[in-house]
Structures are given as C-alpha cells and as structure tokens.
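I have the two-chain model open and my notebook next to it. These are my entries, in the order I looked things up.

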Amino acid sequence: MDELEQAIEDCTNQDNKLIFTGHRGCGKSTLLAELSFRLVETQRYFVVMFSISDTVDESAVDHVNILFSMAIQLLEAAEQRNVKLKPGIKNELYRWLGKHTKTESDSAEATIEVNTEAGAKGGIPGFLEFLAKIKSILKVNSVIREEITIEFARKISDLIAQINLIQSAIENATGQEVLVIIDDLDKLSLSDAETIFTKNIQPLLAPSFRVVYTIPVAILREVSMKRNVEAYVKKIHTMRVGKFFTKAMVRSSDRIPDPEMLSFFDQVLEKRFPKSLIDPVIQQEMILKSGGVLRELIRIADSCCDLCMQQIRRQSRLEKFDQPFVKIDQAVLTSVLSDLQISYAQPLGQSDFDTLIGIYQEFRPKDTENQRFRDLLHGLYVLEYRDSAVQWYDLNPIVKDLLIQEGLLDDG
Amino acid sequence: MDDAKRHNEEMYDRLISLIENSQGRLAPIVVACDDLRLRDRMIGRYETEARQAKIRPYRIVLGKEPSLRSGLAKLKEQDEYLQNDGEAVFTVTGAELLLRVKLNPQEKQSEIEKFFGYLQWSREGLREFRYPIVLWVTAPILREMKLRAADFWSWRKAELRFLDESNDVYLVGQHQRAFESYQQSLEIRRKIGDQSGEADLLLMMADSLAKLNHTWEALQHYQQARQIYQELGLDFKVEECDIAIYNLEAIIPDPPILGVPKSATRPNYVPSESRHYVRSKPRRHDRQKILLLCFVLGIAIALLIWFLTR
C-alpha cells in the first residue's frame, strides 16, 4: 500500500496513471479500499473508487464504456458528497448524459428541468435517481451502449473533454485533486484485456487526473502485452501473496516461518474468532496451509467453523448435551484439508501432475507461457513468490499434500 | 449403493447446516448432482426444514439469459419480506439445461458461456444478497466453473457433491430423451460445420450413454469428442474427455485386438481417497475372450514350430 500511495503522490501531469494487478484472493480490492480511505483522510484527494461491474456488463466492457462509467461515477460521487458544482456546468453535464443515453433522453431532460427548478426544494435525491437510472440503462440496454461506443470510438476526445470538465468542476469546488480507482478490470478475459489495454490504452491514459486501473495478472505472462503496457506507464504495481519462507529455506526440515508474516495472518484470524476456539499449533498449521493467500486462509478457517457448527447441530438434534466443548482441533482441520484436496484433485490429468512435480523440484515451470501452467497458476495450484529480485514458484501446500498422498512426492 | 446413500446423507447434513448458519451473509453454495430426482428430493427436504426454522425458501430457474444476479434482484424487487432482510434461502436450478451450442450463429456466446460470464462478472453485484444461495449444477458444469468462472469459484462458500443413488426407470428415460435431443442437435451442428458445438454434443451424448450403461458407445463418443477438441486446441476439454474415458475403461477392459479401435491415452491419476471414481472388475465374458485369444495364439505358435522343424 505504501508503494501505491507513494506512486500516487509522485504523479505528474504527464504521468498520472497507475496499473495494479495481483493474483486472485491476495487482497487487491481490500488494499485498494484501504488506500482509498487513507487518501481521503489526507483531505488532499477527491477519491472515487468503483467496480466496473457496477456499471457495465461483462460482454460490453471496452475503453469507451470504461471512460463513460468514469464520468457517471464522478458525477454521482459529487452529488453524494454534496459538492456544489456551478449550476450552468451541472446542467450541461446532465444534458450531455441524458443525450447519450438516447432512448430516455426526453424524460432525462425533463428530469433535469424538474430537478433544476426543484433545486430549492432539495433536488439532490432527484439527481441521484437520475444517475442511478443512467447506470441501469448502461448496464442493461445493449442498444444504447453500442451507440455510445460507436459514437465515441470515432471522437474519443469529446468524451475525454467531458470527463476533464467534470474533473475541473469538482477540483474547483472542493480544492481537492481527483483520483479515480477502477476495480475488477482484472476479471476480464485475456482477449478483452488485450483489446482494452494494448490496442486502446491511449484513451485510458488521456484523462488529466490520476487513475488507478486494475488489470488481469495474466497480462504479466504475455510478453508482448506486458511490454505494450510498460511502454506507456512507468511500472505495473503487483500485489504478491504472503510469503512465509524464502526459496533457500522452504524445503528445509528445520525451516521457521517469517514471524512478521505469521503475525499478520494471526491477526486476520483473531479478528474473526476468539483464541479459545482454536489451538495455537492448529492455527499456525492453518495459516501455513494457505500458502500465503489470504482468501484461502479465510476459506480454510470458515470451513473449519462450518464443520464445528455441523457437529454442534448434530449434537443438538441427538440431544447429546454432555459432549466436550466443540473447537477447531486437528481432526476438524484434517477433514477440511482433505475436502479441499479432493476439490483440487478433480480437474487434474497426468500431464498436470508431471508439471506440478517439475515445479516442485525446480521452483519454476519449463515454460511460463504454457497455457496449462497459467491455468494452474490462476487456479492457485501453483503460487508465485519473490525473494528480492528472484521470482520463484512453489506448489500450494494443499496440492503438495495431495501429491505426497498419491506417492508422487516424498514427504519432507 | 449404501456408500452413496451414506455419503449423500452427510452432504445433506452439511448443506442444511450451511443454510441455517449463513443467514445475513452472502454464501454461494455450489452443489453438484447429476441425478435430478435426487436433487429435487434434497431441495424439497431442506426447504421443509428451512420453513420450520423460519427461513423462507425461494427458487430461481435459469433461463436464456442465465444471470444469477438478475434472478435474485427480480425476486427481491417483488418481495417485501426480502426487502426487509427476512431470513431466506435461494435455490437455483436450470444450469443443466443451458445449451452449449449457439442456436443462432450470430450470437457471441452460448447459454452456458453466458452463465459463466455472468457468474464471473457479477460477483461484486451479489454482495447485496446476504443469503445462502444454493446453486445446483452437474458434475461437468462444476468442473468447468472452476476454470471459466474462477473468481466466482474463489468466492464460493462451499462445494458439495451428491452421488448417483439409483439407475431406475425414471433416470433411464431421462437420459434416453436427452440422448435423442442431442442427436438431433448434432446433425445440425455437423451441417453448419460447427466443430466446437459438435464436440460438445458428442461429449454430452457420451455422458448420457455412460449413464445408460452403453459403455462401448459412450467410449466411442468420448473418443470422437476428444479428437475434435484436440484439433481445436482445447486442452482442458481434452483432459475432461481423458478423465471420462479413464473412468469408463475402469469398468470395461481394453478392447479386443481384432476390429475395435484402440482407446485414447488414459490419465494415470485417480485420487485414492476420492468418492467419485468407481472401479469395477472386468466382465467375465471379456476374460473368456482373452483366454480364447491366448489359446489360438498357442496353437499358432505350435504349428509354426512344427512347420519349421519338420
């Protein structure tokens, strides 16, 4: 987060777009939300963070719709935070929005007229309803979406100009610098991401304010795509999974997990259930089995809790109230890990096992551009770590246990 | 059979516990069950229990635009109880009926592709539905979901699998009807040269044949599908065929040498503790064929030796 915050602070007018990525479940959205709060607290930034899936359907994501969504979200944030935009500019912006969501333009303009006149009566809810309507139209009405795309694809500078107008209006009214964070662009398919971030990246870099874009982590594996993005931005900021061991120590029988990382994951668990419900040794094992992926830690912990609740329910149904206190013990954890092993095992074929064994032995695949390796990476069968400048790979601990159980790897 | 019933009872136990303990939280519970009658029984059972626990059940059946989020939103819009955050459980079915082929070539995606797309994309949009959402799919759809809706998959609350308990007449009729329907669609796909659609249909036909215990025909259909997927470079579908062929060949032995094509490469991996791969012994009449072959070979060798030494 410090790295991103510094990068935002260091932005110049010519270089104020940040690209951010990371593996599924590593905590990107949480980090961005935390970053957003941190920056708002400085009172120097007017931060607008939104998920692209809120405004655009998956099949319709393109550079035009991303920019159009930006415009809507900026206006909505201004309304919600009671930013006093000059009435003339506001009317112009709302008429422009109404015009470009064509089929509703008559009622939209009527709404603008009504709400402008009703300004003295507290027209803000009316504007918010209007914006919500626009968002809904953009999401569900493919005809209007396509018309917007066709119109602005030809004259993208008009759209950029409107967005910059909104930015100026907000900055003049608030005295704060606009920062937009767009989450969930990393959910796009690689082909859609290629179209947007390589063939159409320049319009996305055109707004005059700071923007943080998320991108699919798969782009980092496509040499040409990565180079294309890096040609336009200083750096692709990557969030990594937590790392408990260095490459040199990970296979050692007397390895000790990184205490700082362990403590961080301990705190994540302690916020979720009391210490009395789990033995510290079991808790550490749970943390290490996550491989450093936060969401997987939550999944393991959550599944353990579900299993305990199931036991309690069974006891209650059988009226066995004299049973020992139910807590997360070795049997519970083992059962959960066993279920997760089965889930991981399902889609695997022999060639996958050969690949996994090779990665375990060499700390890297034979070919990082191989599609099946990428599937294994994105499916968290394989995890990526970094020691200083050295990037290495290891198996998800649960997948490693699976291979040991099948006799494909030696225990220890 | 008892093992399957025992396993399914355990799964049901887990499911009802998850439904009761997930109120007030978004909890997508993905359940794989290929036996639709079993599925309906389980749904009826947990809905009854849920009502007793004052949890109101709702149902969504996926249609041509298979958006889970839209279905939930529509229900909530029309129901005051949900708008007031009453306790509820949502049951979603219909994924098994989604087409894997594009009936209209101008459409960008088939229904199943749209379904995965909606799941993947609207994950954030599901946050407002703080309920257990039980999404019933088939085992093949579950496997595909992990790859094609990986972010939604990553957000799942739980994954449960029910095993097939019976092979009764109702199921036989169901699979037969499905097979006939797929056959009709296959002719269309071949006519318009849709290779991907053809392979998908061959795979589905193979699944139906396997369930009808027409194992040789099922094997041939899996092999045909595999070949097309291989030509199209769809490695994950090739793997799916390999796993299905392996399971099928665990029930039948390698084919006799004369007159039957060789089986595809079989994957060597079968999870040793898995409940989902069932091995059977080779059939008696196939062992007899092998013995006969050995006898004939022995006679041929003896004749050769006699001829060379006379």
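Entry 1: I started with B:Lys54, which is exposed because its relative accessible area is 66%. My cut-offs for this term: buried is under 20% relative accessible area, exposed is over 50%, and partly exposed is in between, with a 1.4 Å probe and protein chains only. B:Lys54 is not a glycine, yet its phi is positive, at about 60°. I found B:Lys54 in the loop between α2 (36–52) and β2 (56–61) of chain B.

**Entry 2: the ground rules.** This is a predicted model, so I wrote down that local features need pLDDT of at least 70, that side-chain atom pairs count only at pLDDT 80 or more, and that totals for chains, interfaces and linings use all residues. Residues are numbered from 1 along each chain as its sequence is written, chains are lettered from A and ligands numbered from 1 in the order in which they are written, and side-chain values use heavy atoms, with hydrogens and water left out.

**Entry 3: an asparagine in chain A.** I looked for a positive phi in chain A as well. A:Asn82 has one near 60°, and A:Asn82 is a residue other than glycine. A:Asn82 sits in the loop between α3 and α4 (87–100) of chain A. Is A:Asn82 buried, partly exposed or exposed? A:Asn82 is partly exposed, because its relative accessibility is 40%.

Entry 4: For chain A I noted 18 helices and 7 strands, and for chain B 12 helices and 5 strands. Chain A has 412 residues, and 54% of them count as buried. Chain B has 310 residues, with 52% buried. The C-alpha atoms of chain A fill a box of roughly 70 × 55 × 40 Å along the principal axes.

I then checked the surfaces, using Shrake-Rupley areas with a 1.4 Å probe, where only the protein chains shown count as cover for residues. Chain A comes to about 18700 Å², and carbon and sulfur atoms own 50% of that. Chain B comes to about 16000 Å², with 53% belonging to carbon and sulfur.

Next came contacts, meaning heavy atoms within 4.5 Å. In chain A, 74% of the contacts with a separation of 6 or more are between residues 24 or more positions apart. In chain B, 74% of the contacts between residues at least 6 apart join residues at least 24 apart.

**Entry 5: charges in chain A.** How far apart are the mean positions of the positive and negative charges of chain A? For the 49 positive and 61 negative charges, the answer is 1 Å. Lys and Arg count as positive, Asp and Glu as negative, and His and the chain ends are not counted. Each charge is placed at NZ of Lys, CZ of Arg, CG of Asp or CD of Glu.

**Entry 6: rings.** I counted Phe, Tyr and Trp rings (the six-membered one for Trp) as paired if their centres lie within 6.5 Å; planes under 30 degrees apart are stacked, over 60 edge-to-face, and the rest tilted. That gives 13 aromatic pairs over all chains. A:Phe68 and A:Phe152 make a tilted pair, because their planes are at 40°, with the centres 6.2 Å apart. This pair links distant parts of the chain, from helix α3 (residues 63–80) to helix α7 (residues 142–154), 84 residues apart. A:Phe68 is buried at 0% relative accessibility, and A:Phe152 is buried at 1%.

In chain B, B:Phe115 and B:Phe116 form a tilted pair, 5.6 Å centre to centre and 40° between the planes. Both of these are buried. Back in chain A, ring pairs link A:Phe244, A:Phe264 and A:Phe265 into a cluster.

**Entry 7: charges over rings.** The rule I used wants NZ of Lys or CZ of Arg within 6 Å of the ring centre and within 35 degrees of the ring normal. A:Arg255 lies over the face of A:Phe245, 4.0 Å from the ring centre. B:Arg56 lies over B:Tyr81 at 3.8 Å.

Entry 8: A:Ser69 is in helix α3 of chain A and is buried, at 0% relative accessible area. Leaving out residues up to four places away in sequence, A:Ser69 touches A:Phe50, A:Ile52, A:Thr55, A:Val56 and A:Leu138.

Notes
Helix = DSSP H or I, 4+ residues; strand = E, 2+ residues; numbered from the N terminus.
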